[in-house]
Each structure stands twice: as C-alpha cells, then as structure tokens.
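I opened my notebook to look up a few things in this structure. Here is what I wrote down, entry by entry.

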Amino acid sequence: MAQQTFSTHVGMVDILPGEVKKWQALERIIHEEAKKFNFEEIRTPIMEQTELIARGVGQLTDIVSKEMFAFERGDDQYVLRPECTAPVARAFVEHHLEQRGGTQNLYYIGPMFRAEKPQKGRQRQFHQFGAEIIGADDPAADVDIIALMMSIYDRVGISNTSLKINSVGDPESRKAYTEALKDYFRPHLEDMSDISNERFEKNSLRILDSKEEEDQPFIDDAPVITDFLTKETEAHYARVKELLKELEIPFEEDPYLVRGLDYYTRTAFELISPDLGAQDALGGGGRYDLLIEEIGGQHTPAVGFAAGMERLFIACEELGIDLVEEEMLDVYIVTLGEEARNWGLKHLPKLRKAGLSASMDYIGRSIKAQMKDADRENARHVIIVGGNELAEGKFTLRNMKASKEDSYTFEEILNKLTN
Ligand code: AMP
C-alpha cells in the first residue's frame, strides 16, 4: 500500500529555500526604509480574539463575515489575524504605548490569513508589510505614511504604479453621503447584482467596491463623497493633496475609492499596478481615527498602510526585477580520506569564526563530486586537503573564478581570505 503523503492547505504555500532569498532581500529593504523614516518594528501574535477583529475590521465586511479562520478553545474564541492594524491598535491600547510619548511610528512584516478563493495574487495565507502612525491628526502624518510606502516600491524598482486617493469622510460626512447613495441606488436595485442588493441594506458604501458588470453603469453616475465632506474633512484632504504635490508624489483622485475595511475615516488610498492582472492592488491604507476608541482606548487619531508581499513579487517578475544579489560561499573544503576529513571538520569552525562562510562535504563523496558541490554553492575558494598536504602542512587554495591555485599553510590561507 502506498504511504500517505501530505500537502499544504489550499491557498497556503511553502516558501522553499531557493525563494527565501528574495523574501530576505525585500525584508531588508523594508527594515532599511523604515529606519530612514524613523519607524520601529512591532511583532504581534498571529492569533487574536475574534471580537477584536470583528469590531476593528467591521462585522459587515467580507473579511469578517466570510473569510475568517476562526476556532474555539474552551471559552476563548480566536481568529488567525486577517490584517495587522487592529492587532497593532490592540497592542497600543493594552501596553499604553502612548506613555512612551510623541506619536508611535510602527511597522510590521508577517503572515495574514483570509479564507478567500485562491487565485493569482490571492492566497489564504499571504504576507503583508505595513506601517502605522498612531497619535497624529495632522495631514503630514498621512503623507509620511504614503511616502514610506512609495519609498519601498521605489527601492525595489517598481515605478509604473498609480496612487489613488480619496477622502471617505468623517462620520458626519459619511452619514449624509450614505443617505444620498441610498436615495440614488434605491430605484435601480432591481437591475443591480445580488451582492449590491445585500450591501444596500448593510453597508451601502461598499456597493462602490462592486466588481459585478451589471452594477458598473449605476456606479459610474453615483454621487461622490467629496461633495458631502464637512469643512474640516475637506480642509484635511486638501492639505494631504497639497503636501503630496510638494513631495512630488504623483496621485490620482478617485472619488469612488472605498476600502474593504470599515475602520477608515477621511484619507483613503490604494496603490495600483498594471502588472498584476485582476488583483491589481499592491497595497493601500488610510486614516482610522475611531478604531482605537472602538476597541477600548482613548480617542487617538491614526493612519497606516498595508501592502501585499506576494503581489510585490508578481510585479517584480513581470518587470524583470531580481532582488537577489548573487551570493557566494567564501570557502569550501574538499577532502580526500578520513584524516583529511577530520582536518576539515576541525578547521571549518576556525574559518567561520574569522567571519567567512564555509562548508564541506559530510557524506564522503568523491573529490569530483565535492568540486561539483563547491561549484553549485558558488564557492569563491576551495581548500584541497589530501595525504600529501597533511604531511607537508601546506594546502592547495584554489581561486575558483580565476582558476588559479597555490599552496599555503592554514594560517596563510586565513590571512589571505580575511584581508
Ligand atoms: P487590505 O488589508 O485588504 O487593505 O490589503 C492590503 C494589501 O494586502 C492588498 O493590496 C494586497 O496586496 C494584499 N492582500 C490582501 N489580501 C490578500 C490575499 N488574499 N492574498 C494576497 N495578498 C493579499
């Protein structure tokens, strides 16, 4: 009988050794850019209380109503986090991070989980990087968040993107707008999709997010929120646009941009890439001035973004961008015979202690196979050790690129390779 084998869950993928390097390269870029912008990393658990996510992200959103990986243990109800803004906000409240003074400029990198139908650019476990500025009301914070996001794509080399921005209003503007939207859509409901009919009752703003073809003609003529903004919200939005222009960050206004999470107020934005196909959003974000209060904290205005790492890699592939710099192994010790092998095992740690990356064969392969292995590992140098070398105390050091070799004592080799 064939042995049972196992595979990952649908929509969840292994990141195999050959691919990890590009992830590490991207993570390095994110850490470096975040440092330039003076953001600190935060790491929260991948599980949160269901209630936090339901309240934070919004009970009526697709994420909470359909896509949660939820389970119980005793009386506790958990979800695998579908996003990281609510968890960061929870950590802010739980640990009184405001007591550290100033605004909290935080960033994160990690896996998120949504039980969506998998397709290109859409997985059930995917990875996001994101950043939050907690405790700042000023439009300068909105723009700093956008600038950090853009600087990461710039560093990666993805530049043919379009940044869409909108203001989704404060609760007062939103209420007036929602009523206007309902009045507008009501007479057309019969000709619109089931999803939009459902959203009409629960959250009419989300109709604007519909991808259904039959809804598009109605959405095209719908009232725009920017006509319903209060004076203050309008002024905030105007200043965000002004600052973006000053920083020479190109953007397009999209008055129908609403995001899939309920916590957004005022500024909302999305970064779109034409290289992604149907799932064309690289990332997005906005202000969430009411979230922290909603989950039990003091009123604290905040703004943030989240971006998908898998989608960034898809764009890289389309654009022919390779993030991985060629990596080389400094030394590979090739040994012939038992005694030489023992010499190698003893000297490998000395090479590593000197700061060199070093490796050797552990399974008794032939010299030819070891040389092949050294080649595969992209070794700069090979030390060849056999009976004669051991008797003389001098070892062959071969420069693999130059195809040159000479004999040296181990100390001389160490000296040569570290200077
Ligand atoms: P959101 O948290 O929904 O605003 O998503 C922010 C970004 O995360 C999106 O623009 C995508 O790049 C990425 N993302 C969201 N959901 C998925 C998913 N299921 N699979 C892959 N990437 C995703």
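**Entry 1: arginine 90 and its partner.** I looked up arginine 90 in this predicted model and found a relative accessibility of 18%, so it counts as buried, the cut-off being under 20%. Next I asked which residue arginine 90 forms a salt bridge with. The partner is glutamate 48, and the closest N and O atoms are 2.8 Å apart. Arginine 90 sits in helix α4 (residues 85-94) and glutamate 48 in strand β2 (residues 47-49), so this pair ties together parts that are 42 residues apart in sequence. I checked glutamate 48 too: its relative accessible area is 5%, so it is buried. A reminder to myself: side chains of opposite charge can pair when their charged atoms come close.

**Entry 2: other salt bridges.** I looked up the count for the structure, and it comes to 27 salt bridges. One of them joins aspartate 209 and arginine 206, at 3.1 Å from N to O. Here aspartate 209 is partly exposed at 21% relative accessible area, whereas arginine 206 is buried at 7%. I also noted aspartate 373 and arginine 365, whose side chains meet at 3.1 Å, N to O. In this pair the aspartate, at 7%, is buried, while the arginine, at 34%, is partly exposed. Finally, I found a network of salt bridges that links Asp137, Asp142, Arg266, Arg287 and Asp289.

**Entry 3: helix α11.** Is helix α11 (residues 309-319) largely enclosed or open? Eight of its eleven residues are buried, so the rest of the structure largely encloses this helix. I listed some of the buried ones, among them Met309, Leu312, Phe313 and Ile314. The buried residues of α11 pack against several elements, including α1 (17-36), β5 (104-113) and β11 (302-308). After the helix comes glycine 320, with a positive phi near 70 degrees.

**Entry 4: a nonpolar patch.** On the surface I found Ile46, Met47 and Phe71 forming a nonpolar patch, with about 230 Å² of accessible area together. Phenylalanine 71 belongs to strand β3 (residues 70-73) and is partly exposed at 35% relative accessibility.

**Entry 5: domains.** The domain assignment gives domain 1 (17-170 + 230-319) and domain 2 (329-418). I noted that their C-alpha centres lie 48 Å apart.

Methods:
Residues are numbered from 1 along each chain as its sequence is written. This is a predicted model: local features need pLDDT of at least 70, side-chain atom pairs count only at pLDDT 80 or more; totals for chains, interfaces and linings use all residues. Side-chain values use heavy atoms; hydrogens and water are left out. Buried means under 20% relative accessible area, exposed over 50%, partly exposed in between (1.4 Å probe, protein chains only). Helices (H or I, at least four residues) and strands (E, at least two) are DSSP runs, numbered from the N terminus. Contact means heavy atoms within 4.5 Å. Patches are made of residues with over 30% relative accessible area and no salt bridge: like charges are joined within 9 Å, nonpolar side chains (Val, Leu, Ile, Met, Phe, Trp, Tyr) within 5 Å. Accessible areas come from the Shrake-Rupley method with a 1.4 Å probe; for residues, only the protein chains shown count as cover. A salt bridge is a side-chain nitrogen of Lys or Arg within 4 Å of a carboxyl oxygen of Asp or Glu. Domain bounds come from an automatic or database domain assignment.
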